[in-house]
Amino acid sequence: MNTEHRSGCPINLSLEVFGDRWSLIILRDMIFGGRRHFRELLNGSLEGIASNILADRLRRLMELGLLTKADDPSHKQKAIYSLTEMAITLVPIMAHLGAWGRVWLPVSEELSIRAELLENGGPPLWEQFMDELRHEHLGAPVRTPPGTPTVRQQLRAAYEAVAARKAEATAD
């Protein structure tokens with residue numbers, strides 16, 4: 001990997017990692033959508049990434065230390081991608097990006113409800129979500145009490161409730 005950088009500015013260096021069109025979308029889909037296989041990432045994104053671009057970005061995110069790749073024990077021809085601690089700690093940044101987007105951009109209600117919940121939940125919810133991601137991707141012990149819905153489940157339920165309400169209103 002090229003280690004030449006335009007400057008040592010932390011904003012510049014971060015943009016060198018996330019400044020392309022797809023890297024944050026891939027990480028978003030892994031963090032919030034629970035997608036871990038190539039096909040899930042390829043077919044599950046609303047934005048429609050091309051397979052060659054996805055392969056390139058996954059390779060680059062692995063080189064940067066944000067993802068790891070291992071053989072999937074459930075299927076010999078599949079690989080499973082995992083977030084590293086470096087990627088998991090992006091949850092607060094994603095929450096802030098979502099909150100900013102809700103204020104300044106023409107978002108849809110159903111796609112912005114998760115950002116609203118993350119914003120309202122603040123750091124305690126972000127920490128819970130990062131703990132859950134550490135369990136899912138790194139094998140860390142679970143600290144959430146049994147029977148408690150995961151953050152991802154809460155976000156999905158909120159999205160589904162808004163989508164159902166909108167569908168019902170359209171049908172009327």
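Q: On what basis are residues numbered and values computed here?
A: In this predicted model, local features need pLDDT of at least 70, side-chain atom pairs count only at pLDDT 80 or more, and totals for chains, interfaces and linings use all residues. Side-chain values use heavy atoms, with hydrogens and water left out, and residues are numbered from 1 along each chain as its sequence is written.

Q: Which residues does UniProt assign to the feature "domain: HTH hxlR-type"?
A: Helices (H or I, at least four residues) and strands (E, at least two) are DSSP runs, numbered from the N terminus. UniProt positions follow the numbering used here, feature names are shortened, and annotations may be inferred rather than shown by experiment. The unreviewed UniProt entry places this feature at residues 9-109.

Q: Which residues have the most contacts inside the largest nonpolar core?
A: A nonpolar core is a set of buried Ala, Val, Leu, Ile, Met, Phe, Trp, Tyr and Cys residues joined through side-chain atoms within 4.5 Å. Buried means under 20% relative accessible area, exposed over 50%, and partly exposed in between (1.4 Å probe, protein chains only). The largest such core has 34 residues, and those with the most contacts inside it are Ile26, Leu27, Ile31, Leu66 and Leu83.

Q: How many residues of H2 are buried?
A: The buried residues of H2 include Ile26, Leu27 and Ile31, which are also among the core residues with the most contacts. Helix H2 covers residues 23-33. It is mostly covered, and the buried count is 8 of its 11 residues.

Q: Is Thr84 buried or exposed?
A: Thr84 lies in the loop between strand S2 (79-83) and helix H5 (85-88). Leaving aside neighbours within four places in sequence, Thr84 is in contact (heavy atoms within 4.5 Å) with Gly65, Leu66, Leu67, Thr68 and Leu138. Because its relative accessibility is 13%, Thr84 counts as buried.

Q: Which residues line the largest cavity?
A: On a 1 Å grid over the protein atoms alone, a cavity is a set of points where a 1.4 Å probe fits but cannot get out, and a pocket is an open set with protein on both sides within 12 Å along at least five of seven lines; lining residues have an atom within 4 Å of a point. Grid points are joined across faces, edges and corners, and a volume is the space filled by probe spheres set on the points. About 40 Å³ of space lies in the largest cavity. Its lining consists of Trp22, Ile25, Ile26, Asp29, Leu41, Ser45, Ile49 and Leu54.

Q: Which helix supplies the largest share of the lining of the largest pocket?
A: The largest pocket has a volume of about 1100 Å³. Of its 33 lining residues, the closest to the centre are Ile25, Arg28, Glu47, Leu111 and Arg114. H2, H6 (91-104), H7 (109-138) and H8 (151-171) each supply at least two lining residues. The largest share, 7 residues, comes from H6.

Q: Which residues does Ile113 touch, not counting those up to four places away in sequence?
A: Ile113 lies in helix H7 and counts as buried because its relative accessibility is 15%. The C-alpha atoms of Ile113 and Arg156, 43 residues apart along the chain, are separated by 9.4 Å. The residues touched by Ile113 are Ala158, Tyr159 and Val162.
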